[in-house]
Amino acid sequence: MKEVFVCDTDGGNLRKITDSTTSCVEPGWMPDGESVVYTRYNLSGTDVCQTMLDPWRTRRLTSFPGMNVGASVHPNGNFLALVMSVDRQVELYVKSVNGREKRRLTSSKAVEASPCWSRDGQSICFVSDQSGRPKPCVVPANGGSIQTLPTLGSEAVTPNWSPDN
């Protein structure tokens, strides 16, 4: 079983923020620094959850059938980019944090993973194996043409944006 912990930058004040009978992985901070979003495994798949630190409470942000993983929070804190298998196909979605509204951004037999928002929230970088190997791709946050980014080596995973985009 894996749990999510938070601590000070020096490692002090270690605090477990999940208490699950299954694994909790892929944590990320909400922009306000007041809560953490993560993937929680359950008996029928995975959910994305949010734990507020003060007062401590947890809520599910996704509960669609199948896989709901890898959530990245929009810079304004109102949307998630995540990978779901709602239609029995692993695809990239944008979902509102406080509702069930979702928008599918990809539609292929490729597997998507590891989404992350651009600093301005206008684009999402993610990994796709569309070309046969994992490669970083960028798509506008409201949908549109997907651009595969050039990389060195045979595989590239877990993208992130630099401060200068």
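**Entry 1: the largest pocket**

I began with the largest pocket, which has 20 lining residues; Ala71, Ser72, Pro115, Cys116 and Asn160 lie nearest its centre. My note on the term: on a 1 Å grid over the protein atoms alone, a pocket is an open set of points with protein on both sides within 12 Å along at least five of seven lines, and a lining residue has an atom within 4 Å of a point. The space in the largest pocket comes to about 460 Å³, where a volume is the space filled by probe spheres set on the grid points, joined across faces, edges and corners.

Next I sorted the lining of the largest pocket by class and found 11 nonpolar, 7 polar and 2 charged residues. Here Ala, Val, Leu, Ile, Met, Phe, Trp, Tyr, Cys and Pro count as nonpolar, Asp, Glu, Lys and Arg as charged, and the others, Gly among them, as polar.

**Entry 2: ground rules**

I am reading a predicted model, so local features need pLDDT of at least 70 and side-chain atom pairs count only at pLDDT 80 or more, while totals for chains, interfaces and linings use all residues. Residues are numbered from 1 along each chain as its sequence is written, and side-chain values use heavy atoms, with hydrogens and water left out.

**Entry 3: the whole chain**

How many helices and strands does the protein chain have? I found 0 helices and 14 strands; these are DSSP runs numbered from the N terminus, with helices (H or I) needing at least four residues and strands (E) at least two.

Of the contacts (heavy atoms within 4.5 Å) between residues at least 6 apart in sequence, 26% join residues at least 24 apart.

**Entry 4: backbone details**

I found a cis peptide bond between Asp54 and Pro55, with omega about 0°. Pro55 has its place in the loop between strand E5 (45-53) and strand E6 (56-60).

Is Asn13 buried or exposed? Asn13 counts as exposed, at 62% relative accessibility. This residue sits in the loop between strand E1 (5-6) and strand E2 (15-16), and its phi is near 55°, a positive value in a residue other than glycine.

Thr158 is not a glycine, yet has a positive phi of about 55°. I placed Thr158 in the segment after E14, and at 59% relative accessibility Thr158 is exposed.

**Entry 5: towards the end of the chain**

Pro163 is in the segment after strand E14 (147-148) and is exposed, with a relative accessible area of 76%. Its C-alpha atom is separated by 13 Å from that of Gly121, 42 residues apart along the chain. Asp164 lies in the segment after E14 and is exposed at 68%.

How values were computed: On a 1 Å grid over the protein atoms alone, a cavity is a set of points where a 1.4 Å probe fits but cannot get out, and a pocket is an open set with protein on both sides within 12 Å along at least five of seven lines; lining residues have an atom within 4 Å of a point. Buried means under 20% relative accessible area, exposed over 50%, partly exposed in between (1.4 Å probe, protein chains only).
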